[in-house]
Structures are given as C-alpha cells and as structure tokens.
Amino acid sequence: MTDPAVQSPEKSWIVGQFEGRAPEAHGISWSKIWDVGKSDLWDRGKTSPALVDIVEKYQKPGEMFQPFAADGRRRRVLVPGCGRGYDVIMLALHGFDAYGLDISATGVAAAEAFASKELQNPGAANFGLNHDSKSQSRGSVKFLEGNFFAPEWEKDAGGKFDIVYDYTFLCALHPTMRRNWASRMASLLQKDGLLTCLEFPMYKDRTLPGPPWGLNGVHWNLLAKGGDGIDIDDTTSIGKEGEGSFNRILYVQPERTHEAGQGTDMLSVYKRK
Ligand SMILES: C[S@@+](CC[C@H](N)C(=O)[O-])C[C@H]1O[C@@H](n2cnc3c(N)ncnc32)[C@H](O)[C@@H]1O
C-alpha cells in the first residue's frame, strides 16, 4: 500500500514543519499548523467508527466500556491530541465525562465550536445502527489546552482517568517521545484503567519520516514490554514481555474504521497494572 503521508506534496509539507526543531518542542509546530488552517491534513470529519463499535459492544454493567463506576459516578475519559474533538463528543454521548486535550489554542477553540453545535443535534456517525441513543444519558464535555507531557493542565482535569483513547496522537509524536508517552499514559490512568488505541498507521515503514510515524509493533513494545518503542525488533533492547506497565486485554481488527486505515488499523485495549 502506498503511504499518502510520503507521496502527496501536502503531507510532505507537514513532515517539513518539524524539521530542525527538538522533539520536545514539536508542539510549536502543531500549533502553527492549526494557526495556518491546515488541520484538514489529518481531520477525518467524524468520530472513529471503530471506537463507536467497541464502546457499544461493551457498555453493559460489568463490561469494559460501561459509563458508570461501581460507586455510581460517571467514568472519566481523556482524549489527548483530540483535534476537533469528534471522539470526545462521541464518548460524552455514550455517558462518559469526557475530556479533550490539545496543545493548540486554535484547535481547542475549533473543538469547542464543534461541540456546541454537535451536542445540540448529534450526527448519526456518533452511534451504531442498533444503538438506542434516545435512552442513553450523556456525560459532560471539557476541552483543555495543554501539553500532554507537562502537568499544568491536570489541575483543571480533576484527577486520574478511567479510560484514555489514543487515535493519531502517538503517531504524531517523534519516536524519541514514545517512552514518555507510555509513562504519561501510565501515570494519568487509575490502576486497572484502560488505554484504548486505534493503532494507525500500521502499513507505514517505521523508518520513514513522519508525522504520521509508522507504528506497527510499537504499542506492544512500549506498553507490554516496557521498551522504547523504537528498537522493537532487537531482542537485546530494553524491555521484555511482562515488564511494561500494561496488560493487553483486547486486540482486534475493527470491521469499521476510517478509510485511511481500512484493512490495516488495529484496535487494542491495555489495562494499567
Ligand atoms: C494528527 S492530529 C490528530 C487529531 C485528532 N486525534 C484527530 O483524529 O483528528 C494530532 C493532534 O495532537 C495535538 N498535539 C500534538 N502534540 C501535542 C502535545 N504534546 N500535547 C497535546 N496535544 C498535542 C496537535 O495539535 C493535533 O491536534
């Protein structure tokens, strides 16, 4: 499969925005891309069909995506690098208290504007065909501006999360940030909390430049083995199975997903140890 990120001039433009800047400062590039109105380069225009399906499949009491905790409170979900916030809205419409985090002020403003319309009249993409959306109670929506890797925004988020959803956030980060991504995920989640990842792009060679950076095998290495997410084929690399902070409890190829990942996306759920 050809990689649109490498082939098209527009996607090469995005790769060029990060050149010469230290990986820790790539947030500046993301904000600039938002500010010049180029977010359409990654914006899929709707929530992840794979997330809708998995949430609705496991929403009953006792299942992994039930919206209420045992003490009756709504469970708290974070979507880091949320962009326009489609997944945040969908999760709130399925009963969770949903938080979207993005480093770009322009991105957060776009998400807030989208939410104010979408919550009034939610589009069909938020629900599966057999879902009874009328009897579903809603949770809250809050968008936060901040750097995932810095703690400042956490005071406005009100504590640890029950679930984190990652779609096109890890692949947006330079590979040297991957270990920090995994340790931040572990510290933001409660014990037994669920890190849910729609893994993309799985078809792209990991040695090619990004974003998006190819991720085939990266989640497992980082989360289950405690590796660095870079040297993943080397048996001498840091990390061994079981040494990561997570156990993988679900790994499926979703029937429905965004067109860009059709046939290659994988959906994984990792439980925090
Ligand atoms: C490829 S986009 C994906 C957006 C969204 N997940 C989607 O599917 O539309 C990556 C997003 O992550 C945000 N981002 C990048 N680095 C970040 C960081 N360190 N902290 C928070 N957000 C960040 C960018 O501003 C951008 O909106």
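A polar contact here is a pair of N or O atoms within 3.5 Å; within protein, one must be able to donate a hydrogen and the other to accept it, and residues adjacent in sequence count only if both atoms are side-chain atoms. The model is a predicted one: local features need pLDDT of at least 70, side-chain atom pairs count only at pLDDT 80 or more, and totals for chains, interfaces and linings use all residues. Numbering starts from 1 along each chain as its sequence is written, and side-chain values use heavy atoms, with hydrogens and water left out.

Back to the ligand. A nitrogen atom of the ligand is also 3.0 Å from a polar backbone atom of Tyr167, and a ligand oxygen is 3.0 Å from an N or O atom in the side chain of Trp34.

Helices (H or I, at least four residues) and strands (E, at least two) are DSSP runs, numbered from the N terminus, and two strands pair if DSSP finds at least two bridges between them. Seven strands make an open sheet in the order β3-β2-β1-β4-β5-β7-β6, with mixed pairing. The edges are β3 and β6 (246–252), each with a single partner strand, so one side of each has no neighbour in the sheet. From one strand to the next, the twist averages 20 degrees; axes are lines fitted to C-alpha atoms, for helices over the stretch in contact, and angles run from 0 to 180 degrees between N-to-C directions. β1 and β4 run parallel and are joined by two bridges, with Leu78 partnered by Val164 in β4. β4 and β5 are parallel too, this time with six bridges, and Val164 has Leu195 as its bridge partner in β5.

α4 lies across β4, β5 (189–199), β6 and β7 (266–272), at about 50 degrees to β7. α6 touches β2 and β3, and its direction makes about 165 degrees with that of β3.

As for burial, buried means under 20% relative accessible area, exposed over 50%, and partly exposed in between (1.4 Å probe, protein chains only). Eight of the 11 residues of β5 are buried, leaving the strand mostly covered. Helix α5 (residues 86–93) is largely enclosed by the rest of the structure, because eight of its eight residues are buried. Its cover includes α4 (49–57), β1 (76–80), β2 (97–102), α6 (105–118), β3 (141–145) and β4 (161–167). Just after α5, Gly95 takes a positive phi of about 100 degrees. Ser29, in helix α3 (residues 26–35), counts as buried at 2% relative accessibility. Leaving aside neighbours within four places in sequence, Ser29 is in contact with Gln17, Phe18 and Arg21.

Finally, the cysteines. With a disulfide taken as a pair of cysteine sulfur atoms within 2.5 Å, the count is zero. The sulfur of Cys82 has its closest cysteine sulfur, in Cys171, 15 Å away, too far for a bond. Cys171 is in no disulfide either, the nearest cysteine sulfur being that of Cys197 at 11 Å. Cys82 is buried at 10% relative accessibility, and Cys171 is buried at 4%.

How values were computed:
Contact = heavy atoms within 4.5 Å.
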